[in-house]
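Trainee: I'd like a close look at one spot in this model and whatever surrounds it. Could you walk me through it?

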Amino acid sequence: MPELPEVETIRRGLDKFCVHQKIRKVKILCEKSFIGPAELVEGKEITRLRRFGKALVIDLGGGVSMMVHLRMTGQLIYREDGTEKGVDAAKAKLLTKQSFAGGHPTDSFFTELPNKQTRVIFELDSGTLFFNDQRKFGFCKVLPTAEVEQDKFIKSLAKEPWEMEASELYQKLQRRKNSPIKAVILDQKVICGLGNIYADEALFGARIHPRTLAGKLSLEQVKKLIRCACEVMDASIKSGGSTMATYVRADGTKGDYLELFAKVFRREGQPCVNCGNEIIKIRVADRGTHICPHCQKECKND
DNA sequence: CTAGGATCCTGTCAGC
DNA sequence: TGCTGACAGGATCCTA
């Protein structure tokens, strides 16, 4: 779930809470989740937080860096000393005075840590940073700061929507002309930062059916798609990442922030905000996909 | 090169 | 209640 806006939200949170703190100790609970020698990061100060697409880079002193990718279910949760037992769920917003949480939204954001899904624990000067990851697809990886930008994954990333020219994306779509547009914009080498949520939201905003073959889009449609991608991600970053604020609904139940701003994602069965027709869920590129069948007409692709 | 499918792993939920 | 299969917000690897 963590897509670009969620990772950016985490970057800002860590920047506020953890920069200038030293990593006193690293405890690895799952070998697969931590790549590289933990001794290299112990005793080093967190100096800078950078983001490359959905990857977070934590620069440490001494020329050492750590790349974190949350993949599907990763979380980074910071708790100041004394709050390991948890924080008030009703107040568990993006940033409190004692804690910060971001990534895949679950109760771990405010319940006692470590828990069953905790994979790595970083003990800092005045608090603890927990790397949680239910499905173990994510990782923390130690690498020299000087080599961050040469890293195979980071190097392969395309531009983010804000820097992407319509003409460049249009050209890339021609090369992938026989794939559904949704599959293509999920590819980080084509355009960087979109995941399943923002792909659906951006396509809805641009009134493009996700199964439309990439090569069928006009330059105008590509422009609109980029603009909509920027808009949905800007809105999400502004509100602290879609997953962030577990908030309390009027009836007292909990909800995640997604339901406050998503127009199609996980809204199947509900009315379209534009036309009132029912949002439906389909499968495209083997991913759950949400559309308004009225606003996003399926192109025959013939 | 592209396109499509399987795969890493754990948990939850619907249906029987 | 227990079992089974589908599915989950990412990315890579394999095949054709």
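Trainee: Leaving out residues up to four places away in sequence, which residues does lysine 136 touch?

Mentor: Lysine 136 touches Cys30, Lys32, Ser33 and Arg119, once residues up to four places away in sequence are left out. Touching here means contact, that is, C-beta atoms placed from the backbone and lying within 7 Å of each other. Bear in mind that this is a predicted model, where local features need pLDDT of at least 70, side-chain atom pairs count only at pLDDT 80 or more, and totals for chains, interfaces and linings use all residues. Residues are numbered from 1 along each chain as its sequence is written, while chains are lettered from A and ligands numbered from 1 in the order in which they are written.

Where does lysine 136 sit? You'll find lysine 136 in the loop that connects strand S9 (127–133) with strand S10 (139–144); strands are DSSP runs of E, at least two residues, and helices runs of H or I, at least four, numbered from the N terminus. Lysine 136 counts as partly exposed because it has 15 C-beta neighbours inside 10 Å (20 or more would be buried, 12 or fewer exposed, with C-beta atoms placed from the backbone). Arginine 71 is 65 residues away from lysine 136 in sequence, yet their C-alpha atoms are 8.7 Å apart.

Then there's the DNA. Lysine 136 is one of the residues around DNA strand B, a group that also includes Lys116, Gln134, Arg135 and Phe137, as well as Arg175, Arg176, Lys177, Asn178 and Ser179; near means a C-beta atom, placed from the backbone, within 6 Å. That surface divides into six charged residues, three polar and one nonpolar.

Seven of the seven residues of S9 are buried, so the strand is largely enclosed by the rest of the structure. Gly127, Leu129, Phe131 and Asp133 point one way from S9, with Thr128, Phe130 and Asn132 pointing the other way.

As for its partners, S9 runs antiparallel to strand S8 (residues 118–124), with five bridges between them, and a hairpin of two residues links S8 to S9. S6 is also antiparallel to S9, joined to it by seven bridges. Pairing takes at least two DSSP bridges. Look at leucine 129 in S9: it is the bridge partner of phenylalanine 122 and also of tyrosine 78. Tyrosine 78 in turn has phenylalanine 100 as its bridge partner in S7, where strand S6 (residues 74–80) and S7 pair in the antiparallel sense over five bridges.

Put together, that's an open sheet of five strands, antiparallel in its pairing and ordered S1-S8-S9-S6-S7. At its edges are strand S1 (23–28) and strand S7 (99–103), each pairing on one side only.

Zooming out, chain A has seven helices and 14 strands, and 43% of its 302 residues are buried. Of the chain A contacts with a separation of 6 or more, 67% are between residues 24 or more positions apart. Chain A splits into domain 1 (4–156) and domain 2 (166–291), and the centres of these domains, taken over C-alpha atoms, are 27 Å apart.

Key:
Contact = placed C-beta atoms within 7 Å. Nonpolar A, V, L, I, M, F, W, Y, C, P; charged D, E, K, R; others polar. Domains from an automatic or database assignment.
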